[in-house]
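Subject: Structure handover

Hello,

Here is the structure for your work, with the sequence alongside. My notes on what turned up in it follow below.

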Amino acid sequence: MGASIIIFLFFLFCFLCLPHFIVSSSGNCLNNQCSKEAPGIAFPFRLKGRQAERCGYPGYDLTCDNMNRTILELPFSGRFVVKDIKYGGTDHEILLHDPDDFLPRRLLNQLNLSGTPFIGYKYQNYSFFSCRSDTLSSSFDSGRDISCLSNTAHKVFATSSIGYGRLWSNVNCTLIATIQVPVKFISNAYDDYPRFYYETVLELTWNWKKPWCKKNCDDKDSNFPSYGGRLDVLSGGKTFPIAIGIIIPTVIVVAICYIVSRIRGFCFGAGNIESTNSSQLVTITTGLDEFAIQSFPTIVLGESGRLPDPANNICVICLSEYQPKEKVKILPSCSHCFHSACINDWLHLNSTCPVCRISPVL
């Protein structure tokens, strides 16, 4: 009886404490931010130094600077302050601000988004003109000079208007450059009142190749893919703590009832338990041994990320498409292919192919 009490106390401890430990360990993937005023960070973004790598997707790393601002580092265009991030099924948007309030100057230096997942919604040509202040009439003020590029002697304007571009070319204005600016909406090229709306904020978006959401998505309509398509129980979010809160109490109740039934014969109506000297052997089906699993052939995919059979381009275990340089394992008995890590985990617990249920051991 004393042993059963100890076991009961152990399970009670697990019931009260284990969920807290699990939620704490996975909490670093929950919505995070650099400050109360900063945007909330969720998948596919992550804060380096505050969230684990599994919390985000490659190319979406953010940092916090010494002023608690959220920073995005573009490989070829430098640092930007993240003003806001909008997550949605069809409309993803990140708003960037120049830390020194010189966004037009950085655009003139050719903003380069290469090596990043970010793109402009659309692109529009803007012509930048430098005009002498003493020769401008009041009609030019409608174009609104760009303050960070202007001074008392010269004013700098930017326009997408064909008419204004021709007008400024014929007066004491010098064309600095014509560049493509990422914009959310294309303005009328014949607008009578051209203005440059991108002095402070740059609006960018990003695309996904996979149109489904597996984890870390608070919006049910979101199309965020999971990181690498791998299953990760400690991935953060709300699903895992809820599942643990259901599973652990169920296991505890079953264990308590089993213990009580073995000792007193009630809870399951077992009656008096007769002693017996015979023991029953329980057979547990397990997977293959490590030597057998490692003996199956493994290949590394080429740049196309495709197998010779075009219909076989998705791992049925993790439901992710094969990517270049990934390791793929082939089962010799049926020639079905899977991610090496996925099928290794499967065969440790199961002894047959997950597709055709044929034993891979010839």
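**Sheet, salt bridges and cores**

Three bridges connect strand E14 (residues 327-330) with E15, and the two strands run antiparallel. Please keep in mind throughout that this is a predicted model. Within the pairing, Val328 sits opposite His339 of E15.

E14 and E15 belong to an open sheet of three strands, in the order E11-E14-E15, with antiparallel pairing. Strand E11 (298-300) and strand E15 (337-339) are the edges; each has a single partner strand, so one side of each has no neighbour in the sheet. On average, neighbouring strands here are turned by 35° against each other, direction ignored.

Helix H6 (residues 340-349) packs on this sheet and touches E11, E14 and E15. The direction of H6 makes about 100° with that of E15. Which residues of H6 are buried? They are Ser340, Cys342, Ile343, Asn344 and Leu347. Their spacing can be read against the general rule: an α-helix has 3.6 residues a turn, so residues three or four places apart point the same way. The cover over the buried residues of H6 includes helix H5 (290-294) and strand E12 (314-315), along with E11, E14 and E15.

**Salt bridges**

How many salt bridges does the structure hold? There are five.

- Arg46 pairs with Asp61, with 3.0 Å between the closest N and O atoms. This pair links distant parts of the chain, 15 residues apart: Arg46 is in strand E1 (residues 46-47) and Asp61 in strand E2 (residues 61-64). Arg46 is buried, at a relative accessible area of 9%, whereas Asp61 is partly exposed, at 30%.
- Lys184 pairs with Glu93, the closest N and O atoms being 2.9 Å apart. Glu93 is buried, with a relative accessible area of 1%. Lys86, Glu93 and Lys184 are linked in a network of salt bridges.
- Arg106 pairs with Asp98, at 2.6 Å between the closest N and O atoms. Arg106 is buried, with a relative accessible area of 18%; Asp98 is buried as well, at 3%. The cut-off for buried is under 20%, so the value for Arg106 falls inside it.

**Nonpolar cores**

The largest nonpolar core has 34 residues, of which Phe45, Ile94, Phe118, Phe128 and Phe196 touch the most other members. At least two residues of this core come from each of strand E3 (70-74), strand E4 (78-86), E5, helix H2 (103-108), strand E7 (122-132), strand E8 (154-159), E9 and E10. Why does this core lie between domain 1 and domain 2? Domain 1 (29-101 + 200-218) and domain 2 (122-196) both give residues to it, so the core lies between them.

Leaving aside residues up to four places away in sequence, Phe45 touches Gln51, Cys55, Gly56, Tyr60, Leu62, Ile85, Tyr87, Ile94, Phe118 and Trp206.

Regards

Note on methods:
Residues numbered from 1 in each chain as written. Predicted model: local features only at pLDDT ≥ 70, side-chain atom pairs only at ≥ 80, totals over all residues. Heavy atoms only, no water. Pairing = 2+ DSSP bridges. Helix = DSSP H or I, 4+ residues; strand = E, 2+ residues; numbered from the N terminus. Axes fitted to C-alpha atoms, helices over the stretch in contact; angles between N-to-C directions. Contact = heavy atoms within 4.5 Å. Salt bridge = Lys/Arg side-chain N within 4 Å of Asp/Glu carboxyl O. Buried < 20%, exposed > 50% of the residue type's maximum accessible area, 1.4 Å probe, protein only. Core = buried A, V, L, I, M, F, W, Y, C linked by side-chain atoms within 4.5 Å. Domains from an automatic or database assignment.
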